[in-house]
Amino acid sequence: MAVEIATTGDAAWFETHLDRRLRIRNMIPSEFDDVDGLPPVGMAWRTIVLEAQPGARTRQAIALPIGTDTDVLTDRDLFELFLQVAPPGARAMIASLRKVKLSTDRAITPPR
């Protein structure tokens, strides 16, 4: 249920932010199977969502210091954070998605 809530919310967000390819939000409890329990002291769980093309998204959990102003983070900032915490092979997966011809005018590649 948590993944469904997250997916629906992410889709709605990207529909209203057509110029963005990444977002950061509070993590939904039970959203990730491999993230359980409290974050490290002084940190809060967040989720970075990367939309490679409309409807094709990937999510990554990240612990950030409490009080981090996520509203000022650009797509470039979020992409760098995403790569820092993503599993091995994520960069290659994103590179292969960049080569896919998108069928919509929303085609904006993630920052390099």
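Which residues are linked in a network of salt bridges?

A: The model is a predicted one. In it, a network of salt bridges links Asp10, Arg23, Arg25, Glu31 and Arg59. Side chains of opposite charge can pair when their charged atoms come close.

Arg23 belongs to strand 1, which covers residues 22–26. Is Arg23 buried or exposed? With a relative accessible area of 12%, Arg23 falls under the 20% limit, and therefore counts as buried. The side chain of Arg23 makes a polar contact of 2.7 Å with that of Asp10. When residues up to four places away in sequence are set aside, Arg23 touches Gly9, Asp10, Trp13, Phe14, Thr47, Ile48, Val49 and Leu78.

Arg25 is another member of the network. Arg25 forms a salt bridge with Glu31, and their closest N and O atoms lie 2.6 Å apart. Arg25 is buried, at a relative accessible area of 10%, and Glu31 is buried as well, at 3%.

Beyond these residues, the count of salt bridges in the model comes to seven. One of them joins Asp75 to Arg20, with 2.6 Å between the closest N and O atoms. This pair links distant parts of the chain, for Asp75 is in helix 2 (residues 75–85) and Arg20 is in the loop between helix 1 (2–16) and strand 1, 55 residues apart. Asp75 is buried, with 14% relative accessibility, whereas Arg20 is partly exposed, with a relative accessible area of 21%. In another salt bridge, the side chains of Glu51 and Arg57 meet at 3.2 Å, N to O. Here Glu51 counts as buried at 1% relative accessibility, while Arg57 is partly exposed at 27%.

Three strands form an open sheet in the order 1-2-3, with antiparallel pairing. Strand 1 and strand 3 stand at the edges and have a single partner strand each, so one side of each is left without a neighbour in the sheet. On average, neighbouring strands of this sheet are turned by 25° against each other, direction ignored. Five bridges pair strand 1 with strand 2 in the antiparallel sense, and Ile24 stands opposite Ile48 in strand 2. Helix 1 packs on the sheet and touches strand 1, strand 2 and strand 3; the direction of helix 1 makes about 135° with that of strand 1. Helix 2 also packs on the sheet, touching strand 1, strand 2 and strand 3, and the direction of helix 2 makes about 85° with that of strand 3.

The nonpolar side chains complete the picture. In soluble globular proteins, nonpolar side chains tend to be buried together. The largest nonpolar core of this model has 16 residues, and those with the most contacts inside it are Leu22, Ile24, Ile48, Leu50, Phe79, Phe82 and Ile94. At least two residues of this core come from each of strand 1, strand 2 (43–53), strand 3 (56–65), helix 2 and helix 3 (90–98). Helix 2 supplies the largest share, five residues.

Technical notes:
Residues numbered from 1 in each chain as written. Predicted model: local features only at pLDDT ≥ 70, side-chain atom pairs only at ≥ 80, totals over all residues. Heavy atoms only, no water. Helix = DSSP H or I, 4+ residues; strand = E, 2+ residues; numbered from the N terminus. Buried < 20%, exposed > 50% of the residue type's maximum accessible area, 1.4 Å probe, protein only. Polar contact = N/O pair within 3.5 Å; in protein donor to acceptor, adjacent residues only side chain to side chain. Contact = heavy atoms within 4.5 Å. Salt bridge = Lys/Arg side-chain N within 4 Å of Asp/Glu carboxyl O. Core = buried A, V, L, I, M, F, W, Y, C linked by side-chain atoms within 4.5 Å. Pairing = 2+ DSSP bridges. Axes fitted to C-alpha atoms, helices over the stretch in contact; angles between N-to-C directions.
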